[in-house]
Amino acid sequence: MAHVLVPATRVWRDARGDFEANRDETNSGNNVVDSSAVKQVAEYMRNCLIKFGASASVADASDIAALKTLGEDIAKAFSAVVGMLLSTLRFAGPSLRAELLELGDNLASALDILGAGIGATSVKEDMPTSVGKVLNRIKEFEKISRDNRAAIKRQILYCLVLIRDAHKEMQEAIDKSDKIAEGGADNDSDEDAMDDEDGLDETLDESEKLVASTVVALTVALQDALKQASKIASRGDGDADLDWGLQTLVPAARTISSTVDGLIVSTIGGLEVDKFGENLVALRCALSNIESLGLTEEVNVAVDAVEEALNRAREEDN
């Protein structure tokens with residue numbers, strides 16, 4: 001159903017195709033986002049939104065015409081936002097392009113939800129929340145990556161967080177297994193102390209613990225590699241070959257974080273050898289794609305240790 005913010009959401013719908021086209025095109029150079037212009041546009045959008053929210057929170061059916069006028073102001077402000085995204089798109093590589101697309105999608109979606117709520121029974125109660133969500137999206141726009149390297153670094157740091165979480169999860173599983181083994185089930189108030197709430201056996205036998213320990217060591221090596229990659233991405237030397245290598249790292253890092261999660265899932269609650277092996281193969285493949293950056297030597301050593309532990313577990317299982 002049409003609402004007073006449809007003109008604003010239409011702005012993005014009309015422009016979105018430009019951001020989806022040539023998504024894998026690699027651009028390099030020293031072009032940077034005009035941070036001061038971004039802040040001005042964000043402030044313009046923010047002011048229009050606050051005025052709209054203040055009026056909408058007390059509006060009734062007779063105030064729709066006034067809200068339409070304010071909605072048109074938001075459409076103009078959002079057009080300025082999209083214009084800024086389009087100007088950045090001219091020199092955006094895959095990571096920055098994906099960031100621009102996500103920013104536009106998120107802001108348009110938040111505006112659509114806000115507009116759709118106008119006239120609802122609970123509008124007065126929901127309006128501050130809906131406006132707050134749009135304000136959060138504007139804040140994200142205001143923090144847009146300044147250039148391709150910054151966008152790449154942001155993605156690398158995101159993957160680093162995932163690997164850190166994986167490290168913590170695997171280490172906690174080892175520690176919990178050790179605690180259960182030391183204390184025994186009789187010391188736990190739950191009759192099924194050996195099982196977690198999902199019914200999974202939380203104890204690790206000797207071979208499983210060896211596999212888990214090597215996965216922990218692997219996550220440490222991966223964290224070191226991603227930290228180094230982040231430092232490389234911080235350089236402002238405009239090296240086109242390095243830009244290409246770093247951009248290749250982004251999808252590889254996503255695959256790496258996903259496969260590490262798969263290693264953990266197939267270890268906790270009982271080692272699933274086949275699934276674990278599949279994730280290990282995928283991990284090696286992802287690492288082979290980024291060898292040119294010189295970041296994988298220690299990681300490959302850690303992967304070899306994981307594979308050796310897996311083979312030992314296979315032998316004992318047979």
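E307 and R284 pair up in a salt bridge, with 2.8 Å between the closest N and O atoms; the term covers a side-chain nitrogen of Lys or Arg within 4 Å of a carboxyl oxygen of Asp or Glu. This pair ties together distant parts of the chain, 23 residues apart, with E307 in helix 10 (residues 297-317) and R284 in helix 9 (residues 273-288). Helices here are DSSP runs of H or I with at least four residues, numbered from the N terminus. E307 comes out as partly exposed at 32% relative accessibility, and R284 is partly exposed too, at 29%. On this scale, buried is under 20% relative accessible area, exposed is over 50%, and partly exposed is what lies in between (1.4 Å probe, protein chains only).

All of this comes from a predicted model, where local features need pLDDT of at least 70 and side-chain atom pairs count only at pLDDT 80 or more, while totals for chains, interfaces and linings use all residues. Residues are numbered from 1 along each chain as its sequence is written, and side-chain values use heavy atoms, with hydrogens and water left out.

Searching the whole structure turns up 13 salt bridges.

E20 is partly exposed at 38% relative accessibility, and R16 is partly exposed at 24%. Bring in D105 and there is a network: salt bridges link R16, E20 and D105.

As for aromatics, the count is 1 pair. W12 and F19 make up this tilted pair, with 5.0 Å centre to centre and 45 degrees between the planes. The rule takes rings of Phe, Tyr and Trp (its six-membered ring) with centres within 6.5 Å, and calls planes under 30 degrees apart stacked, over 60 edge-to-face and the rest tilted. Both W12 and F19 are buried.

S257, finally, belongs to helix 8 (residues 240-265). With a relative accessible area of 11%, S257 is buried. Leaving aside residues up to four places away in sequence, S257 touches C159, L162 and I163, a contact being heavy atoms within 4.5 Å.

Methods:
Helix = DSSP H or I, 4+ residues; strand = E, 2+ residues; numbered from the N terminus.
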